[in-house]
Amino acid sequence: MEYFNYYCKRIVKKNIMYIDDKLIEWVTATDDIHADFVKKNFYNEILLANPKTEKKNLDSQINIIKEIVKTFSNKPWITQKEISEKFELNKDQLLKINELISETDLLQDLILKNGYAKKYWNSIIPFSYLTEKAIKNEYSFPKRIALFPGVSCMFYCGFCGRNQKAKYPLNIIDDSLEMYKKLFDDSPDYTSYSVSGGLEPLTNPKIGELVNYAKSKNIKLPIITNGYSLTESFLEKNPGIWDSDSLRISLYGVDAESYEFITRVRKGFKQVYNNTISFLKKRNQINKNLKFGFNFIIIPENLHQLLQIPELIKRINENVLNGEGVNFLTLRDDYQSVTDHSTERDTERKYRLDKSMNSEERKKLQENIFKFEELKKKLCPNLYVDYGYSLETLFKGQVDSGLIKVNGKQMRKFGFTQISVAIDLYGDVFLFREAGFLNREGNKKMIIGRISKDKSLEIIIKNFLEKNQPLEFEQDDSRFMDSFDHVLTALVNQAEKDKEFDIPFSLGPIKLRKQNKKMRVGNNWYSDVT
Ligand code: SF4
């Protein structure tokens, strides 16, 4: 009866669990706040979900269960070996505890949706079931493919890894379009695509046709662009752009001067600003569902500009009177600390930004994030802000050490083709996304083959895996990985270690790792939904 009463008090609507604020406060607190309340709730929920559990066993385990839940909500990369050592549990004990945690919805919700690592969990869960194939080098069509259809780029961003002298010949454009079409034709429906760079995608004169064809195949394409070419005449020549799912402009400053500092192109700001306004007006007439946003990469040099962005967006929105204005803003972390540019290797550059963010600057960033939120509420309250992996933790009040990073020696020697690859205009298939810049120094070894209108991605990947020749990486090869590649590497490495420890993901504490075979990867720039 006690549990029946408890059960009746829980509010569960349409699979959404409403969690008491005290539990959420506890999971992000450094101390054991609301200890008795948390313990009682855990106890009741575990018994409800696992009725065969002996109460006396649970009495002795409940404190460790609490600790493990909190640990995973903050550190998704922790291995089963580390958990076993930290809490002095043998494998059998840990397996039993994993089962209790895995089967209890409340604990799963606290770990995946309410801790500091919420964004990480959001990102990795749809890929977790593929780690087994990645470890065994078994073929599976990639779940996520980045297309780099740009021909050239007019900017020279200080943090960009591109070879600034390289561009593709225009006479390959038609064949490349046919190649991308074949790729779409061959894709299973679980694969998600994005269009970005590489170089600037709107420099491809067939980009509209590419997006239009994807739409005809039910493929939602988000486009990432620097927005410089997004003029009215460009849109008239490329009406297919209106078939994209979302369009995100990388914002490199808040005025002409700051734009010039990053891109070396002074008129960049004015052009992008004007293009944005005319794009939004047309968007509201042609396809209201197409979400539009900006991405802003925060580096030490532009920390203060964060506070000028709400005002900028307000100004833009005031010029768009026929509907919604800017829908979303993605804020991203100090890019360079992830890409580890090498002064010796990436030499083909006009200039570079060399400094990474130190801990004082991260504290300043946190202050600015709080001030930014206030300004946003006042000036553009409808704007959805996505803080990305590590800024989310700063936003929630914790000064962390930045993005997760792995070094060259920890990189996967066969990549993770089952999960992610990038494909450029030649059809070259890159294992990691920051390698996908034409003639970037040292990137050749990251190319596993070339697809064409006659040669499928399946053949290229199968050939690569069957050859069974692991790549040798050097420490600074991690510069070829973007932040998501770092996250995926950490995920596959964790799965491998857990497997070696005889507690694979299938016996671990996270239920969704075992269940998401069909989960599609959403574009969560503009909403909290994965
Ligand atoms: S970051 Fe993008 S816009 Fe800037 S130089 Fe590189 S490819 Fe061009």
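**Fold composition, helix packing and local backbone features**

The protein comprises 20 helices and 12 strands. The model described here is predicted. Of the 530 residues in the protein, 42% are buried. Among contacts with a separation of 6 or more, 79% are accounted for by residues 24 or more positions apart.

One helix pair was examined in detail. Two packed helices are described by the angle between their axes and the distance between the axes. For helix α4 (residues 55–74) and helix α7 (residues 105–113), the axes come within 7 Å and cross at roughly 30°. The residues that meet are Val69, Phe72 and Ser73 on the α4 side, and Leu107, Leu110 and Ile111 on the α7 side. By class, five nonpolar residues and one polar residue form this contact of α4 with α7, and no charged residue takes part.

Tyrosine 120 is located in helix α8, which spans residues 118–124. This residue is classed as buried because 23 C-beta neighbours lie inside 10 Å, the threshold being 20 or more. When residues up to four places away in sequence are not counted, tyrosine 120 touches Pro76, Tyr389 and Val487. The C-alpha atoms of tyrosine 120 and serine 390 are separated by 8.6 Å, although the two residues are 270 residues apart along the chain.

Glycine 198 itself lies in the loop that runs between β4 (192–195) and α11 (207–216).

Positive phi values were computed for two residues other than glycine. Histidine 34, in the loop between α2 (21–28) and α3 (35–49), has a positive phi of about 50°. Glutamate 88, in the loop between α5 (80–86) and α6 (91–103), has a positive phi near 50°.

Terms used:
Residues are numbered from 1 along each chain as its sequence is written. This is a predicted model: local features need pLDDT of at least 70, side-chain atom pairs count only at pLDDT 80 or more; totals for chains, interfaces and linings use all residues. Helices (H or I, at least four residues) and strands (E, at least two) are DSSP runs, numbered from the N terminus. A residue is buried if 20 or more other C-beta atoms lie within 10 Å of its own, exposed if 12 or fewer, and partly exposed in between; C-beta atoms are placed from the backbone. Two residues are in contact if their C-beta atoms, placed from the backbone, lie within 7 Å. Axes are lines fitted to C-alpha atoms, for helices over the stretch in contact, and angles run from 0 to 180 degrees between N-to-C directions. Ala, Val, Leu, Ile, Met, Phe, Trp, Tyr, Cys and Pro count as nonpolar, Asp, Glu, Lys and Arg as charged, and the others, Gly among them, as polar.
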